[in-house]
Amino acid sequence: MNLRTAFTAAVLGAAASLPLSASAQQALVPAGSEIRFTSRQMGVPVEGQFRRFDAQIRFDPAQPAQSRIAFTVDTGSATLGVRETDAELPKPTWFNVAAFPQATFQSTSVRRIDATRFEVAGRLSIKGVGSDVVVPVTLARQGTQTVATGAFPIRRLQFRIGENEWADTSMVADEVQVKFRLILSGVAPL
């Protein structure tokens, strides 16, 4: 069983254990959702995004500790908007898409900070390397949907993104800011 199959089986198994009403009603709405990242190359900000990602969500604002969130991001969908650079991103030096087609996030806890802000702790895995992260999330209602926004830093070298000559942080900074805006359906009002 490969990593992708094992992860999919684990997510489906977890979803099967959720109450039907919670798992059937909540979903990521791709239209309007985005995951972006900003790095610095020779001191200049460089913006990129992932075009394909999915989530399995069970979120109850009234009982955040019972919530579970799992993300999969297609690393082959990363783009910086420049054809030559985009051709390099799937290669082993960067995302190694052939060996690691997905990055994953699995929540371990969700904690309410105030009426609209939460902290989601979990395990982020990229290129086979896992690390615990805490993601601040702000929720807002937009009609019948919920908008989740936030940003958090990662260290690219911790995940082996940009190896060999690209490990030089004077060329490409180690810190990368990940920013997201996610549209969710089926989440109870705050």
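Which residues lie nearest the centre of the largest pocket? They are I35, F37, F50, I154 and V178, which belong to a lining of 42 residues. The structure is a predicted model, in which local features need pLDDT of at least 70 and side-chain atom pairs count only at pLDDT 80 or more, while totals for chains, interfaces and linings use all residues. Residues are numbered from 1 along each chain as its sequence is written, and side-chain values use heavy atoms, with hydrogens and water left out.

**Confidence**

- The protein chain averages a pLDDT (the predictor's confidence in each residue, from 0 to 100) of 88, and 87% of the residues score at least 70.
- Among the elements (helices, H or I, of at least four residues and strands, E, of at least two, taken as DSSP runs and numbered from the N terminus), helix α1 (residues 3-16) has the lowest mean pLDDT, 40, whereas strand β7 (residues 117-126) has the highest, 98.
- Over residues 1-24 the pLDDT stays under 50, and for this stretch the model has 14 contacts (heavy atoms within 4.5 Å) beyond four places in sequence.

**The sheet**

- Strand β3 runs antiparallel to β4 and is joined to it by 6 bridges, with Q56 standing opposite A70 in β4.
- Strand β4 (residues 68-74) is in turn joined by 5 bridges to the antiparallel strand β6 (residues 102-112), where F105 is the bridge partner of F71.
- Strands β6 and β7 pair in the antiparallel sense over 8 bridges, a hairpin joins them through 4 residues, and G122 in β7 is the bridge partner of S107.

**The largest pocket**

- The largest pocket holds about 1,000 Å³ of space.
- Its lining comprises 36 nonpolar, 4 polar and 2 charged residues, and strand β10 (residues 175-185) gives the most to this lining, with 5 residues.

**Salt bridges**

- The count comes to 9 salt bridges, each being a side-chain nitrogen of Lys or Arg within 4 Å of a carboxyl oxygen of Asp or Glu.
- The side chains of E47 and K179 meet in a salt bridge at 3.6 Å, N to O; since E47 lies in strand β2 (residues 44-50) and K179 in strand β10, the pair ties together parts that are 132 residues apart in sequence.

Definitions and conventions. Two strands pair if DSSP finds at least two bridges between them. On a 1 Å grid over the protein atoms alone, a cavity is a set of points where a 1.4 Å probe fits but cannot get out, and a pocket is an open set with protein on both sides within 12 Å along at least five of seven lines; lining residues have an atom within 4 Å of a point. Grid points are joined across faces, edges and corners, and a volume is the space filled by probe spheres set on the points. Ala, Val, Leu, Ile, Met, Phe, Trp, Tyr, Cys and Pro count as nonpolar, Asp, Glu, Lys and Arg as charged, and the others, Gly among them, as polar.
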